[in-house]
Amino acid sequence: MDTLVLPPLHTASGCVRLPGSKSISNRMLLLAALAEGTTEIHDVLVADDTQVMLSALQKLGVGMTAIDDHTWRIKGCGGDFPVAEADLFMGNAGTVIRPLTAALALSGGHYRLSGVPRMHERPIGDLVDGLRQIGADVRYTGEAGFPPLEIFPVTIQLAQPIRLRGDVSSQFLSALLMALPLSGQAAVIEITTELISQPYVEITLNLMARFGVKVQREGWQRFILLAGQRYRSPGVLHVEGDASSASYFLAAGLLGGGPVRVEGVGKNSIQGDVQFAYALESLGAHIVWGENFIEAKAESSAAEKIKAFDLDLNHIPDAAMTLAVCALFADGRCVLRNIGSWRVKETDRITAMATELRKLGAVVETGGDWLAISPAPALCLPCTPFGAPSGTFRRNVAIDTYDDHRMAMCFSLAAFAGVSIIINDPGCVRKTFPGYFAALAEISAPVIALDGPSASGKGTVASMVAAQLGYHYLDSGALYRLTALAALRAGVALDDAPRVAALAAALPARFENGRVFLNEDDVTDAIRTEEASAGASRVAVLADVRAALLARQRAWRRFPGLVADGRDMGSVVFPSATVKVFLTASAEARAERRYKQLIEKGSAANMPALLHDLQARDERDAQRSEAPLRQCEDALQVDTTLMDIAEAVNAVMAIVEEKLPDAV
Ligand SMILES: O=C(O)C1=C[C@@H](OP(=O)(O)O)[C@@H](O)[C@H](O)C1
Ligand SMILES: C=C(OP(=O)(O)O)C(=O)O
């Protein structure tokens, strides 16, 4: 089995661009297929659950074109699927099997729907009961009440109100609501129980309205659809960022100090899971709402535990799991109520959560629909940005994830206790967020920023420190050299900022085993020539180029950590770096090192000229308006004038040991 070892995490800050919402993506894709006209949907989630929907629609003969990974053009078929008989694979996607069962039951075809073994344990009986009341012929081919299913063509009759249970999953109501307009008849749904997860039904009603179908709602008990309503394409649609996925980063903002900003959802989101932010506020987070972002940070900079809570979380069943892991950091017993639906999701989440939280030392009580968590005294830590005590709590605990993406994602947050956590089968996040761990690393993986003037030895020292720690290594100067080389090779003038920046943004660069490639071309030596060096220094003054390379450099921040060397690592690229070192040496010492290097290579060298060049370069680097070379206030200086390489590495390692003891 694959495992991921997360290092102890201490701080989190930065910005995460959220992937598209699963709930919105799958609804929009289906409604676009059921509509008349062509719909272009942007920012569609790329993950297993949406792939299941796309593959099913494709198999049903719906006309679909991928404009790019995230953008689909769907030619609606008005509910009349071109393929009238098919076997469809539903994976473990509730947002696919429930709505498609209803839509196919009304479509007049013959279909078989099956999924992964866990899908065959997830109930669908209430939906099938509802569909049978209108004459649908849906049969269980395995155990009654559960997929797999077989659907036969019939004539639908909507004489009576449909009586539907709403206490197992809201997806049954959403599914019926989305399918009923296909009948063209008037319809009434009466909910015979409490309706859980209500905000998801609001998403359904909102998106149906965008496709031109209105539903009258009387409380959460009666839903009325007038006859003759048909879905019509609204043209172009955008999917919001996923609010459930946002919960992990917002929680990281609280546990790791923050601020952490998620982009793609904001105060006008149609997803109920944005209400997670209010719950987090009651734990002590400071939340800022924007039009298209939410930001979280710890309320106070003093060492404080987060506040214990007792909350009804029926409205945010998915994001609620994130709160269960936050409870590890609370100052008392926390209770999560009204979460019975957890038992029938990707796994029995109440049991799974209790089992894994106990491994971390928490005392956990469970009921049919609730969970209470009393953190182990050792895990009752002050918020870790302010320094976690070490050595007293369980480290290297292996967390089982039960093929449940949310188990993997929310337990990653336990690493903010300053302990390393092993996530078993981390790939299960592919259900809704394949890039989750990369995104988490970008805001939380430890960074050691090593800045300094040219020839200070920072490249050699940084790569040796990275090797000792088992960290990744970013040679940011190489990116500027690569950009210059790419421009020279493409015949682009080095001061043509827009064109050089475009090259930088799309640089087909690879770093492998100490070699550097542009496409398939090994350019390790080519980027070290005088021409490339001079070019690098020219393109590095262009603001557009620096901006284009910023995201690329930040993407280097991966677990277990990063050593980054350059001139603006601590000031611009990784301002929240845990360790910042300014590595310097007298101009004379640096010129002498250069001189020796050149002589060793058999090149001609002239000491006074080298010294003059270095001083001129220092001056240029310090004076430039974009990210000038300077020592950050929070950086420690290491002067290597009188040191050899081993001594310089030791000096940096001593700082790392002090600031990041668990890395060494
Ligand atoms: O309709 C939806 O998009 C969803 C509804 C919720 O399920 P329940 O209604 O079963 O709680 C939620 O847990 C699921 O991830 C997505
Ligand atoms: C419950 C979930 O998924 P599904 O859509 O399969 O119900 C979930 O994503 O947490």
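**Ligand shells and domain contact in a predicted model**

Thirteen is the size of the shell around ligand 1: of these 13 residues, Ser-23, Ser-169, Ser-170, Ser-197 and Tyr-200 come nearest. A residue is near a molecule or strand if its C-beta atom, placed from the backbone, lies within 6 Å of it. The model is predicted: local features need pLDDT of at least 70, side-chain atom pairs count only at pLDDT 80 or more, and totals for chains, interfaces and linings use all residues. Residues are numbered from 1 along each chain as its sequence is written, while chains are lettered from A and ligands numbered from 1 in the order in which they are written.

**Domains**

- The chain is divided into domain 1 (3-18 + 241-444), domain 2 (22-238) and domain 3 (447-663), with bounds from an automatic or database domain assignment.
- Between domain 1 and domain 2, the C-alpha centres are 31 Å apart.
- Domain 1 gives 17 residues to the contact and domain 2 gives 20 residues; two residues are in contact if their C-beta atoms, placed from the backbone, lie within 7 Å.

**Shell around ligand 1**

- By class, this shell holds 3 nonpolar, 9 polar and 1 charged residues. Nonpolar covers Ala, Val, Leu, Ile, Met, Phe, Trp, Tyr, Cys and Pro; charged covers Asp, Glu, Lys and Arg; polar covers the others, Gly among them.
- At least two residues of the shell come from each of α3 (94-105) and α5 (171-179); helices (H or I, at least four residues) and strands (E, at least two) are DSSP runs, numbered from the N terminus.
- Domain 1 and domain 2 each supply at least three residues of the shell around ligand 1.
- Ser-170 sits in the loop between β10 (162-164) and α5.
- Ser-170 is buried because 25 other C-beta atoms lie within 10 Å (buried: 20 or more such atoms; exposed: 12 or fewer; partly exposed: in between; C-beta atoms placed from the backbone).
- Beyond four places in sequence, Ser-170 touches Leu-195, Ile-196, Ser-197, Gln-198, Tyr-200 and Val-201.

**Shell around ligand 2**

- Asn-92, Ala-93, Gly-94, Thr-95, Asp-318, Lys-345, Glu-346, Arg-406 and Thr-432 surround ligand 2.
- At least three residues of the shell around ligand 2 come from each of domain 1 and domain 2.
- Asp-318 lies in the loop between β18 (310-312) and α9 (320-326), and is buried because 28 other C-beta atoms lie within 10 Å.
- Leaving out neighbours within four places in sequence, Asp-318 contacts Ser-244, Asp-273 and Arg-406.

**Record annotation**

- An unreviewed UniProt entry places the feature "binding site" at positions including Ser-170, Asp-318 and Lys-345; such annotations may be inferred rather than shown by experiment.
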